[in-house]
Amino acid sequence: MKTAERQNKNSTNVAPYAGLAAAVAFPVAIPGVYDYAIPPRFAGKVTAGLPVFVEVRKSRIWGVVLEVKEGSEFPELKEILEIKEGHWTDSNRSLLKLYEWMARYYQCPLGRLFKPLVSKSIINKKPKTVTVYRYAGSDDGINRIDSAGAGAAGRPALDTITAPVTAAELKSRFGLTPSKIGTLCKKGVLAKEQKTVCRDTNEFGVDVAGAARVTLSVGQQACVDRVAASIGAPGGKPFLLYGITGSGKTHVYTELAKRALAAGRGVIILVPEISLTPQTILRFRAEIGDTVAVIHSRMSDGERRDSLQEIVTGRRRAVIGVRSALLAPMENVGLIVVDEEHDGSYKQSDTDPRYNARDAAVMRGLMQGAAVVLGSATPSLESYYNAQTGKYRLLTLNERFGTARLPDVRVVDMAAEHRENNWTAISRYLVTRMGEEIRDRHQIILLLNRRGFSTVLLCKSCGYSHTCPNCSVNLRFHKSDTTMKCHQCGHEEGAPRCCPKCGGIKIKYQGTAIQKAEELIREKFPEARILRMDQDTTRRKGAHLSILEEFERGGADILLGTQMVAKGLNFPNVTLVGVLQADTGLHFPDFRASERTFQLLTQVAGRAGRAELRGEVVIQTYSPGEPAVNYAMTHDYLSFYGYEIKNRRELSYPPFGKLARVIAEGPDEPVLRAFLHKCARALLSGDNSIRVLGPAPAVLSKIDNVYRYSMLLKSPSPVPLGEALANIRKNAQADLPSACRCIIDVDPVNML
Ligand code: ADP
Ligand code: ZN
């Protein structure tokens, strides 16, 4: 570490410290690296990656050693107070290089990266134990039990206990009450002990029935062979597996995972937030076995601690999880899979480090000699471009597995539908098709990417539209509890009966969101069983699971959902997929709007006809000519890519050049504006190739009463961009008042 911060400002004329010192970073809002003395009692124990308890800025917290060195340029170092041995230390060390890269590339203080591993609650969490009993070997005891009637009732004798059992098992197997167990312990028949158990998030056991042997298709086998060759040979380029929906990418992943495990190496499998469903976990468990640990975002600290512990100790050799699983402290990783690599949830957009787990996966693979496989039916423009230029190796699966065929797609122009006097959100064609499929007892998935009941409240007299008092967005009407809700800050109020501005009663809830669509479908198909899946119906833990299970069991005809239903789901009985409004995201002020729409449509279309039954997809849209819609209609990724890559090149958007967003947030808009303008001027006058868009108010110009101002930097290469951003970061510390903050988002995904 180059920079160490001064601990003691008044001691400049004292000689520098000469003993062993540790450079320590902190997982909290204390940037920079501080030097500490290693006291003799910890000599030889302090290594890079070790959590240490120290005093910094008058408080005592846990930090992580980045480096041990002879002496420090600073005199009179404070001592390390406490250390935490065996806490994933070695693994932290192997991740240090990756963390350093992330901190540099994503402009984040290094210590922040340790937060998930070294927070106070994780460090102090004790392993969970249960009381168990084993047979302690006294004949006397067995006889007593027998005479107490246990043997007489045909129960086995206690010396049949081989592995320790719980009190509950003693009760069910031997009929022992707690008081009898107590007596037997006193007599030395049973011995009581504590056993550490894993707070397992894996309520889902191994579905052995699912572990049918699969024979890979020729195409699948070819993919496996190419990647497998590089599991043992580090240093190769990453693979991009472009495989259409239903082509059997999952079996390629599981086969590769088995190979890596057999070679004694660890496996990391990343899936998007939204598709880490029990269905996915079960599929992997069935194939790979229960050596798979699961990491997801709703885990408790205890569960996270235990999962990490299982990984570090090597009891579990594979991890499946959302983006943070990429940072799993695992040694000797041989394979990293990023499924649905195009998915935006791999990018952490809301807090530091604002990293993209897909890109960090490529970096980790490079650093640790692991084969990296990025897979998707709709690869991101960036990744496919990398495959074109030879930076990645391309693997292709362009047929569905077995006899399954891609579904037919029909596009319905909703403007024409309105002209012919159908003003509802469902076209006549889709209604007809739904009726047929329900009659045939097939299942239907409908996508409407809008929460709530309707999108805006409009007053027809004065034109007033009801916006959030805290944010620059419209409130959404939720009919179930007659409220208006803000989907940004959570603000809620009772739905008005008259216009809050002019008092008029001609108010209208306009636009169809998912609750209104549900009502409409119930009217049209009163006999159909409908499941709705959106943020509002899945708030309860496990709700997500039970909805999908019920649908899988055939407990419903229609699954109506937001984008949650678009990805990864595999239901053989689904023959019809309807997209109610393909345009919802198309006109977003975001250079990826078209790409996202294409991906969403292709992914949801991929839910239909995944087995023997033929599928059909109906896309309703107001923009039937849009390339994103047209190419999705013909499942033509390559043409969409060809079209979109031209736009990117013309406008110098990724993959042509690097992008970073700088957002200033705070209570005082003029301050933010002045700060960003100053940064922009400095950039434009400087000797560099960076282009600046803005500064301007962010699309979401106010969230929860915080103003947001932003600018976008475009640069042909990452190095000058990194330097420019580092400067902005420095200026922000100097210029921005403490109530404001400056956010730097490298390779941004969220452009709002
Ligand atoms: P993808 O992830 O590419 O969309 P899946 O891996 O979900 O595709 O595969 C689609 C369907 O085909 C699944 O039901 C899967 O079990 C089946 N399948 C794929 N490959 C095989 C295989 N080699 N043997 C048997 N079934 C397969
Ligand atoms: Zn709000």
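In the predicted model, Val267 has Leu335 of strand S12 as its bridge partner. This pair belongs to the contact between strand S9, residues 266–270, and strand S12, residues 333–339, which run parallel and are joined by five bridges. Helix H7, formed by residues 218–231, packs on the sheet and touches strand S8 (239–243), S12, strand S13 (371–376) and S14, its direction making about 155 degrees with that of S14. Helix H11, which spans residues 357–368, likewise packs on the sheet, where it touches S9, S12 and S13, and its direction makes about 165 degrees with that of S12.

The sheet in question is open and consists of seven strands in the order S10-S11-S9-S12-S13-S8-S14, with parallel pairing. Its edges are formed by strand S10 (292–295) and strand S14 (393–397), each of which pairs on one side only. On average, and with direction ignored, neighbouring strands of this sheet are turned by 20 degrees against each other.

An antiparallel pairing is found between strand S1, residues 20–25, and strand S2, where four bridges connect the two. Within this pairing, Val24 stands opposite Tyr34 of S2.

On the side of H12, the contact is made by Leu381, Glu382, Tyr384, Tyr385 and Gln388, whereas H19 contributes Tyr637, Leu638, Phe640, Tyr641, Glu644, Ile645 and Arg648. Sorted by class, the residues in the contact of H12 with H19 comprise eight nonpolar, one polar and three charged.

As for the cysteines, a disulfide requires a pair of sulfur atoms within 2.5 Å, and by this rule the count comes to zero disulfides. For Cys499, the closest cysteine sulfur is that of Cys462, at 3.7 Å, which is too far for a bond. Cys499 counts as buried, with a relative accessibility of 2%, whereas Cys185 is partly exposed, with a relative accessible area of 22%.

Technical notes
Residues numbered from 1 in each chain as written. Chains lettered and ligands numbered in written order. Predicted model: local features only at pLDDT ≥ 70, side-chain atom pairs only at ≥ 80, totals over all residues. Heavy atoms only, no water. Pairing = 2+ DSSP bridges. Axes fitted to C-alpha atoms, helices over the stretch in contact; angles between N-to-C directions. Contact = heavy atoms within 4.5 Å. Nonpolar A, V, L, I, M, F, W, Y, C, P; charged D, E, K, R; others polar. Buried < 20%, exposed > 50% of the residue type's maximum accessible area, 1.4 Å probe, protein only.
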